[in-house]
Amino acid sequence: MPFDLALTNARLVTCTTEDLAPSAPSFVGIQGGHITAVGPMSEFASAAPVEDCAGRLLTPGLIDCHTHLVYAGDRAREFEQRLQGTTYEDIARAGGGIVATVRATRAASEEELFGQTAARARRLMAEGVTTVEIKSGYGLDVDNELKQLRVARRIGQALGIDVRTTCLAAHALPPEFTGRADDYIDRVCSTILPAVLRAGLADAVDAFCERIGFTPEQTARVFAAAAKLGLPVKLHAEQLSDQGGAQLAARHGALSCDHLEYVSAEGVGAMAQAGTIAVLLPGAFYFLRETKLPPVELLRKLRVPIAISTDSNPGSSPTTSLLLMLNLACTLFRLTPSEAFLGITRHAARALGLKDTHGTIEVGKVADMALWDADSAASLCYQIGAPPPVAVFKRGVRRSTSPT
C-alpha cells in the first residue's frame, strides 16, 4: 500500500478500547494526512519513507477540550485574596473575577491577544496537544467576542493545531448591563450569536449556568437561539452549586457538561440518556481548593464517558499543562490512569463532536499522534507533569515540540 509516511516499530496505545496496554511492535501507515493502515511489524511491507520509533510509545495526539486561552491580564491579586479567605463568588460579586478579565481583554488589541495566546498554545503543543477548544467569553459584546474568536481561529492557522471555537458570550454579566441580566441574554440571542455565525467563527455555544452566572431559564434561551442557528451546545454546569444545569444541557442534546462537582444523581442520569460527555477540570478544583468531588463512581456506573481538560484561564485554572491534569485527575478524582488518558484522547474528541475523526489511532482517523519515551500511558499519568513527547505528528507531518 502506498504511504506518504510509515511509523514503524512503535508500541501503540490506540485508545480504541478501555485496555491501554501497549501493543507489540507495530506500524502506522499515513497518506493524505490520515491513517490508512495499522498492523504488526510482521505485516509491514512498503517502500514509503519510514520513521523508526525504536520501540517507543505511540499514542493519539492529545486533545484539550475546554480552554479559555484568549485573554489579557492576570488575576494574581485575586489569588492572594482567596488565600486570605475571600471566596471566588465574593470576588465575582465585588466586580472582580470574570469581569476583571473582560476589562483587560476589551482593552487589548487583536495583535496583543494573538501574541499572548500563541505563547500559551505553544506550551500546550509542546506537551503533545494537537487539538484544542478555545472559548470566547471575555468580550461580552459583539466586537470583542468576535475579536476573541478571530484570534482563536488565527491560532489554528498560524500554529498548525486544530482549534475548535466556542462562543461563550453567556459567561458573565458585563458591567453595562448591571441589574439587567435578561436584557443581556436578549442581546446574546438576538445580536451576538447571529453575528458570530455570520462570521463563521464558532463551532459551538457555551454558557455559565451558576449563581454568579446565569439562571437555567436564561441558559435555556441561549440554547434555543443556538439551535435555531444550527450550533451545538456545551455547558459550564454545577461547578459551585447544583442549578439543574446538567438536566437542562441533556434536554438540549449538549455535547458536554463541564466541571460537575455539585451535579445531582438526576443530572448524571440525564447526561447518560442524552449521550452527553462529562468534562472534569481538576486544575480548577485544585486552584480554588474545592472540597466537593465530582461523582466519579456514579459517572462510571451510568457509563457517562469522562473527559479531562486544563480549563486554562486566568482566574481559576492558570495552567497550560494537560500532562499535569492527568496526574491531578488520578490523585484528586481517583480516576484510573486508563480513564484519565482516554479523557484527553478518545472522550475529549467526543466532547468536541470529533469522535469520527480524532482521538484514536485507527484507519480513517486524522494522523495526529505523539511519540513518548515512556513504558505506558500509566507512566504519563504517574509523573507530576510528565516529560514532553519526543515527537509529534500533525496530520502525518512531524511537528516541532519546542514551546517557543
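A crossing of two helices is left-handed if the near helix is turned anticlockwise from the far one by less than a right angle, and right-handed if clockwise. By that rule, H5 passes H6 in a right-handed crossing. The model is a predicted one, in which local features need pLDDT of at least 70 and side-chain atom pairs count only at pLDDT 80 or more, while totals for chains, interfaces and linings use all residues. Residues are numbered from 1 along each chain as its sequence is written, and side-chain values use heavy atoms, with hydrogens and water left out.

Helices here are DSSP runs (H or I, at least four residues), numbered from the N terminus. On the H5 side, Val 142, Glu 145, Leu 146 and Leu 149 meet Thr 191, Ile 192, Ala 195 and Val 196 of H6, where contact means heavy atoms within 4.5 Å. Sorted by class, this contact has 6 nonpolar, 1 polar and 1 charged residues; Ala, Val, Leu, Ile, Met, Phe, Trp, Tyr, Cys and Pro count as nonpolar, Asp, Glu, Lys and Arg as charged, and the others, Gly among them, as polar.

H5 (residues 142-159) also meets helix H4 (residues 110-126), the two axes coming within 9 Å and crossing at roughly 50°. H4 is therefore oblique to H5. This crossing of H4 and H5 is right-handed. Among the H4 residues involved are Leu 113, Phe 114 and Arg 122, while those of H5 include Arg 150, Val 151 and Ile 155. The contact of H4 with H5 divides into 9 nonpolar, 1 polar and 6 charged residues.

Now to the open spaces. The largest pocket holds about 370 Å³. Its lining has 21 residues, and Ala 92, Val 99, Ala 172, Leu 173 and Ile 212 are the closest to its centre. Helix H2 (88-93) and helix H3 (98-107) each supply at least two residues of this lining, with H2 giving the most, 3 residues. By class, 12 lining residues are nonpolar, 6 polar and 3 charged.

The second largest pocket has a volume of about 270 Å³. Thr 87, Tyr 88, Leu 288, Arg 289 and Glu 290 are the closest to its centre among 13 lining residues. This lining has 5 nonpolar, 3 polar and 5 charged residues. A pocket is an open set of points on a 1 Å grid over the protein atoms alone where a 1.4 Å probe fits, with protein on both sides within 12 Å along at least five of seven lines, and lining residues have an atom within 4 Å of a point. Grid points are joined across faces, edges and corners, and a volume is the space filled by probe spheres set on the points.

Key. Axes fitted to C-alpha atoms, helices over the stretch in contact; angles between N-to-C directions. Parallel < 35°, antiparallel > 145°, perpendicular 65-115°, else oblique.
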